[in-house]
Amino acid sequence: MESSYILELKTLLGETRVLSEPDELSNYRFDRWVVKHLRNWRGDTVPAPGCVIRPDSTAQVQAAVRFCSERGVKLIPFGLGSGVCGGIEPARDQVLIDMSAMNTVVEIDATNLLAIFEAGVRGIDAEHAVKERGLTIGHWPQSIEISSVGGWVSTRASGQFSSAYGNIEDMIYSLEAVLPNGEIVTLGKGPRAATGPDLRHIFMGAEGTMGIITKVTLSLRKQPEQRACSAYYVATMEDGFEVQRRIIQAGWEPPVMRLYDSSEVARLFADHTYHDQCLLLMVHEGPTERVQAEIDVIARTISELALPASASITEQWLERRNHVPEWADLLQQGLIADTIEVSAKWSEIGSVYTQVVKALESVPYCVNASAHSSHTYRSGINLYFTFACMPPSSDEMEALYFDSWDKAMNATAAAGGSIAHHHGSGRLRRSYLHHDLGNSGLELLRSVKMAIDPKGIMNAGNLLE
Ligand SMILES: Cc1cc2nc3c(=O)[nH]c(=O)nc-3n(C[C@H](O)[C@H](O)[C@H](O)COP(=O)(O)OP(=O)(O)OC[C@H]3O[C@@H](n4cnc5c(N)ncnc54)[C@H](O)[C@@H]3O)c2cc1C
């Protein structure tokens, strides 16, 4: 990065808003994509950005974007860096915009159940702020403590309670963004509108390629009156899918419905294995009478396929649900691992499960290929695969990693599934997007990107080649 640019940015935004020391820049070399952690762990060079700016207002974001646009400098929006698909890949001639200083809860409107957040507000801080008013966002990604509201929108995130409360796109009321040319747009005025295509969606899942989200208004809910748990054993994943289909299509909505295959039951719930069966966990929330009715009717409806298990298993999941191992610890144990989330219609999910597990197991040195489902819809469900390979040498890890992903993506598409449920696409999935979008859909996405960002300055190379 030209040193004159750094000086100019310091003059424009203030000395403290611009980081340029190597040890400061080093913290922004990658997100949580395991490939970058692997390279770093092996001692390979992982480039840092040329400088980092930490704006504290939309006006500062706008000034920075205009500055970069006029000079053709590439920009990378950065929330809290919890992305797992390689959305952050800086180069020395690029500016990274760290949004975490824009962390104000601007307004909580209890009458209309709305809250306005600056984009860098940490998820758990947003939830705590509304909880103090007896409200909830209802969006509980496992990364809630390490991800930002703007990041949620940018990756089309899903929370653990989505089966009743929806995914992030169901909660976004309006958003403010700075376009690549420095213009500010505010999209979303009433609770619903028919004013042409819904332009808010341009930013939902854009992963920093269409502009920088600066403010997000989310629709809230009242804190539920009651929460209760239930759990069941089912003989097979097919039975588990059928049970969930019956529940959701009958109109019941446990916000949490998670079906673990027997391999994951053995790994994650070792004290609760039962004859190699799969495990269905549910959390029920809402008015007390409805919660009790839901539990009773579900028990009756699924009794021929499911055997009641202790509700304490679900309570245990609730307590431990956000604990995950660090990449470095797994690498140290000789494991290269990752998770892959996909989705499919009810009629195809069984085949996606079988084919993807088979595909992952065919990768050399595979020591784990398992799955659970965690997001349920009237017309289908997701699957969240976990794979791990343990090669004799760490030199082989990266190739095995990409081989696993390649096989899982192609097997998902061949079985009729959609290749990305909620982690986004980043650089990891960009060569598989055609499976979902088709070639003409991909061309349409490229045209939209070119129209909004003709100079190609926003997170270049992410999402699209
Ligand atoms: C342990 C763990 C658990 C996870 N669990 C879940 C889960 O349950 N559900 C789920 O959906 N995801 C999950 N993720 C993935 C990740 O947390 C989400 O994708 C999250 O939404 C990213 O938010 P972030 O603020 O960290 O964004 P970052 O990682 O900083 O950025 C993600 C992408 O969005 C862009 N971006 C970020 N902020 C902005 C902005 N203000 N304007 C424009 N572009 C922006 C970036 O350029 C990048 O491309 C998990 C990740 C980890 C490590």
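1. Tyr-5, Leu-9, Leu-12 and Leu-13 of helix H1 meet Gln-60, Ala-63, Ala-64, Phe-67 and Arg-71 of helix H4; contact requires C-beta atoms, placed from the backbone, to lie within 7 Å. These residues comprise seven nonpolar, one polar and one charged. Ala, Val, Leu, Ile, Met, Phe, Trp, Tyr, Cys and Pro count as nonpolar, Asp, Glu, Lys and Arg as charged, and the others, Gly among them, as polar.

2. The model is predicted: local features need pLDDT of at least 70, side-chain atom pairs count only at pLDDT 80 or more, and totals for chains, interfaces and linings use all residues. Residues are numbered from 1 along each chain as its sequence is written. Helices (H or I, at least four residues) and strands (E, at least two) are DSSP runs, numbered from the N terminus.

3. H1 (residues 3-13) and H4 (residues 58-71) pack at about 150°, and their axes are 10 Å apart. Axes are lines fitted to C-alpha atoms, for helices over the stretch in contact, and angles run from 0 to 180 degrees between N-to-C directions. The two helices are therefore roughly antiparallel, a term for angles over 145 degrees. Their crossing is right-handed, meaning that the near helix is turned clockwise from the far one by less than a right angle.

4. H4 also lies across strands S2 (51-53), S3 and S4, running at about 170° to S4. An open sheet of four strands has the order S1-S2-S4-S3, with mixed pairing; two strands pair if DSSP finds at least two bridges between them. S1 (18-19) and S3 stand at its edges with a single partner strand each, so one side of each has no neighbour in the sheet. Four bridges link S3 to S4 (residues 95-98) in the parallel sense, and Ile-76 has Leu-96 of S4 as its bridge partner.

5. A second topic is the open sheet of five strands, ordered S5-S6-S10-S8-S9 with antiparallel pairing. Its edges are S5 (105-109) and S9 (184-187), each with a single partner strand, so one side of each is left without a neighbour. On average, neighbouring strands are turned by 10° against each other, direction ignored. S6 (residues 114-118) and S10 (residues 212-219) run antiparallel and are joined by five bridges; Ala-115 has Leu-218 of S10 as its bridge partner. Helix H5 (residues 123-131) packs on this sheet, touching S5 and S6, and its direction makes about 35° with that of S5.

6. Which residues are closest to the ligand? They are Gly-79, Gly-87, Gly-150, Gly-151 and Gly-208, within a shell of 37 residues; a residue belongs to the surroundings if its C-beta atom, placed from the backbone, lies within 6 Å. S3 (75-78), helix H6 (149-155) and S10 each supply at least two residues of the shell. H6 gives the largest share, five residues. By class, the shell has 14 nonpolar, 20 polar and three charged residues.

7. Helices H14 (residues 346-361) and H15 (residues 397-414) pack at about 155°, with axes 8 Å apart. They are therefore roughly antiparallel, and H14 passes H15 in a right-handed crossing. Val-352, Gln-355, Val-356, Ala-359 and Leu-360 of H14 make the contact with Ser-404, Lys-407, Ala-408, Ala-411, Thr-412 and Ala-414 of H15. Seven of the contact residues are nonpolar, three polar and one charged.

Notes: Contact = placed C-beta atoms within 7 Å. Parallel < 35°, antiparallel > 145°, perpendicular 65-115°, else oblique.
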